[in-house]
Amino acid sequence: MKYSTIYRLFVIVFSLFISLETTAQNQNQMQRRSDPSQFQPIGKIFGKVIDSQTNQPIEYGNVVLFRMRDTVIANGTVSNSKGEFVLEKLLPGRYFLKISYMGYATKRFDSLAVLPNRAEIDLGVVKLNTKSINLSDVVVKAEREALNYNLDKKVYNVDNNMANSGGTAVDIMQHIPSVTVDADGAVAVRGNSNINVLVDGKPAALAGFTGSDVLAQIPASSIESIELVTNPSARYDPEGTAGIINVILKKKSNLGVNGTVMANAGTRGRYNTSLNMNLRGEDFNLFSSYDARIFNMNSGSTTLQTSTFGNKSSILDQYSDIKNKMINHSINIGGDYYLAEKEFVTLSAQFRFGNFNSLSNISNLNYDGSRLLETQFNRVSDGERNNNSGSYTLSYKKSFETKTQELTADVMYTTSSMNNEADITQTYFVPVFIPESIQKSLSQNSNKTWLIQSNYIQPLGNLGRLEGGFRSQIKDLTMSNSYLNYNRITQGWVASGLSNNDYNYKEQVHALYGIYSNNFGSFTFQSGIRAEQVFVKGTILSTNQTYESNYFDLYPTVHLRYSFSDLDEIQLSYSRRIDRPQNRQLNPYEDRSDSLNIFKGNPNLKPQYHNSVELGYTKTIGKTYLVSNLFYRKNTNLISTISTLRPNGVTYSTFENVSKGESYGLEFIATQPINDWWRMNGNVSFFNNKIDDLGTLGGTRESKSWLARMSSTMTISDGFVLQFMFFYSSPTILLSMGSFGGYTGGGRGDGGGMGGGGIFYSGATAQSKMKEQYSMDVMMRKEFMDGRLTITLRLSDVFNTRNFNTETTGLNFYTNNRRKIDSRMAFLGISYRLFDTKSRMQDQERQRRLEEGYDEL
């Protein structure tokens with residue numbers, strides 16, 4: 001019955017879109033009659049290229065035109081024997097142009113506007129400088145814009161990001177506007193950590209890992225770009241109330257043999273290396289890559305907690321020292337086979353495997369209200385976590401002769417597992433000495449996921465289009481936890497008094513969606529709706545007790561854009577999203593592995609919902625690019641972590657749908673070329689997070705926060721670049737909106753690492769507040785051998801100021817935590833690009849594939 005409801009809705013939606021298109025075509029025809037040049041390719045850019053020293057014309061100079069909005073190639077040509085070039089049949093819009101030739105510094109022209117009333121642009125005589133020139137003559141080498149805007153997403157190109165040297169995707173996130181990263185690597189957008197992380201458009205989460213855990217395993221050097229989608233269209237999975245982060249990995253496709261080898265070494269034992277290769281023929285492309293990473297991280301923290309029960313007060317003073325070591329390997333292999341010029345299939349496989357070791361030493365001292373020591377004990381945890389995964393994908397893509405008409409389909413199977421073993425030793429010194437007790441924690445997680453999806457785009461009229469598709473995802477997750485005690489008499493392991501936890505979680509999400517978009521003069525719109533049916537079943541394997549939840553939801557989306565001119569425009573968008581309870585939050589098992597903190601899941605949790613509205617404005621003034629965004633989010637049915645401190649000093653925590661919240665804020669982004677060799681980027685974000693826990697934790701709390709980033713890129717000489725990045729974040733309430741941390745065991749009595757062997761959760765909470773943070777990074781990059789060899793030196797947190805200090809307030813307790821991680825480090829990186837002898841053939845192939853731009857909606 002529920003499936004038939006989905007399909008009937010899908011038919012109704014598409015029928016409505018067809019009806020709308022008939023009206024749209026009539027309106028488009030009227031619009032074109034009144035302004036026939038609005039969508040006609042009437043633009044022309046021309047000029048002449050010469051040598052700046054000899055004034056001789058440069059023949060075969062590469063002239064490439066890019067759309068300003070998304071850096072897609074709009075047109076291209078080469079200069080003739082007289083150095084002359086002409087780009088014709090250009091659509092109205094904003095562009096930037098690059099002129100290059102072997103042995104010369106690339107020349108760039110920003111903010112070229114082709115207008116109906118000014119269709120031709122004469123660049124005159126363009127003089128190219130040879131590469132052996134003085135600083136005063138340097139021009140910026142051609143590089144992609146760091147930030148590009150589409151109608152429903154922001155694209156951050158990371159080719160020249162300083163984190164490329166020795167960093168991971170998490171380090172890249174620290175350079176993206178409105179994104180923050182905490183001490184455990186958890187990523188948040190506008191103060192909300194409930195993010196749906198994708199890799200190449202496909203789910204990234206694996207067994208026992210969050211999206212942030214996966215980001216920490218992806219080397220920055222393997223990333224092409226990062227897409228931040230805060231108000232996604234109906235095509236995207238609505239999971240993740242803060243939006244979507246999509247990591248696009250590099251995949252070369254030039255003719256011949258191509259490759260890049262990279263190695264990085266950092267202080268405190270951090271190393272990584274990568275190798276990327278591809279072989280491209282006329283009708284096939286084979287690609288492969290290997291990445292390896294060794295990552296050592298040390299941290300320390302102090303915690304002071306005061307609590308009151310009646311007339312009795314107590315103080316907990318805790319010190320922790322944690323040493324972590326992570327080794328990861330990633331292998332990616334695949335190939336494209338071209339069935340026709342615009343039709344191909346892709347078969348690929350990706351394998352990840354590695355281990356994570358953690359040694360934590362926590363000292364606990366408990367005092368009474370008069371500061372007299374009552375108890376003292378140490379807790380040492382030595383744990384090892386092994387993980388491996390395999391992902392297999394078969395994709396199909398067909399592009400038609402009509403621009404933007406496209407059919408895609410994907411089948412993806414992912415299997416992953418995580419095994420963890422931790423030995424916990426606890427020794428009491430006060431009030432009496434108790435010899436150390438040893439407990440072993442064993443856990444196993446496995447995940448099998450099928451993903452089947454297809455999408456079709458049908459152009460309608462001149463600029464309209466209809467898009468529709470389906471997506472089915474089936475998950476099967478199993479988690480098992482058991483505990484053993486060490487018997488000194490028998491010198492062996494025996495069963496502990498804690499019950500084992502064996503839990504299976506099955507989830508099916510089936511979706512249909514439709515999107516209609518069109519353009520009426522200066523007005524562009526996109527509207528869509530997504531229908532989803534969800535089936536959830538949780539089973540306690542030891543008792544065969546089951547919990548089921550099935551529900552159907554609709555998720556509408558709207559994106560509007562109006563261009564006042566080719567240099568400024570306004571955007572308005574709306575989306576409805578969901579955060580489904582995770583298997584760890586639903587598991588009713590009572591985790592007592594940490595004697596000071598007891599956790600229990602709630603199988604009756606319901607999804608939490610999110611409605612978001614954003615208003616954005618972009619303006620180009622000369623070479624200055626300005627972006628502003630105003631956003632508002634309304635959150636209902638929030639999942640909160642309810643923690644109660646009992647008189648015996650034990651904290652009991654569970655989850656409830658007891659909160660509601662809202663967030664609003666304003667963002668400013670500016671890009672400013674100071675001169676030919678110096679470019680500045682800056683952004684400031686103001687946001688307010690408000691939570692009403694309906695009296696559970698004391699009512700309503702809110703925090704007005706702001707963060708700022710500023711980066712400076714200077715071309716000191718040809719091929720020598722210097723970058724600075726400064727970051728500041730004001731105090732803010734921690735609002736994680738029902739997400740949960742990875743398998744860390746931190747945040748409880750063990751102070752981090754894998755101390756208790758249990759699972760640490762975090763939900764939407766009005767109890768914790770993060771204090772201010774600030775830091776500065778520096779990077780230097782020098783190219784040799786015509787850009788084939790690159791050496792990079794990066795220094796993170798130059799002044800060692802990045803601290804993670806929090807305050808937590810409960811009904812009868814107050815906690816102050818000060819935490820410091822290894823943040824000041826130096827990295828040295830070397831990258832070498834391999835080219836074959838067919839470079840001229842590659843240039844010809846790239847030139848052949850240049851197409852006239854089409855401004856996708």
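**Strand pairing, surface and confidence in the predicted chain**

Strands β32 (residues 608–621) and β33 (residues 624–645) run antiparallel and are joined by 13 bridges. Two strands count as paired if DSSP finds at least two bridges between them. Strands (E, at least two residues) and helices (H or I, at least four) are DSSP runs, numbered from the N terminus. The model is predicted: local features need pLDDT of at least 70, side-chain atom pairs count only at pLDDT 80 or more, and totals for chains, interfaces and linings use all residues. Residues are numbered from 1 along each chain as its sequence is written, and side-chain values use heavy atoms, with hydrogens and water left out.

Within this pair, Tyr609 has Thr636 of β33 as its bridge partner. The hairpin of β32 and β33 has two residues between the strands. Gly622 in this hairpin takes a positive phi near 65 degrees. Strand β33 also pairs with β34 (residues 651–675), in the antiparallel sense, over 19 bridges. Here Asn629 stands opposite Glu667 in β34. Five residues lie between the strands in the hairpin of β33 and β34, where Gly649 takes a positive phi near 85 degrees.

A further hairpin is formed by β40 and β41, with four residues between them. Strand β40 covers residues 773–784 and β41 residues 789–796; seven bridges pair them in the antiparallel sense. Lys782 stands opposite Ile791 in β41. Met785, in the turn, has a positive phi of about 55 degrees. In a regular strand the side chains alternate between the two faces of the sheet.

The protein chain as a whole has 44 strands and five helices. Of its 857 residues, 56% count as buried (under 20% relative accessible area; exposed is over 50%, and partly exposed in between, with a 1.4 Å probe and protein chains only). The accessible surface comes to about 36,100 Å². Carbon and sulfur atoms account for 56% of that surface. Areas come from the Shrake-Rupley method with a 1.4 Å probe; for residues, only the protein chains shown count as cover. Among contacts (heavy atoms within 4.5 Å) between residues at least 6 apart in sequence, 68% join residues at least 24 apart.

Phe85 is found in strand β4 (residues 84–90). The residue is buried because its relative accessible area is 2%. Phe85 and Phe46 are 39 residues apart in sequence, yet 5.6 Å apart in space, C-alpha to C-alpha. Leaving aside neighbours within four places in sequence, the contacts of Phe85 include Phe46, Val49, Val63, Ile99 and Leu123.

Strands β23 (434–460) and β24 (464–487) are the elements that give two or more residues to the patch. Trp450 lies in β23. Trp450 counts as partly exposed because its relative accessibility is 43%.

The mean pLDDT (the predictor's confidence in each residue, from 0 to 100) is 79, and 81% of residues reach 70 or more. Where pLDDT is low, the predicted coordinates should not be read in detail.
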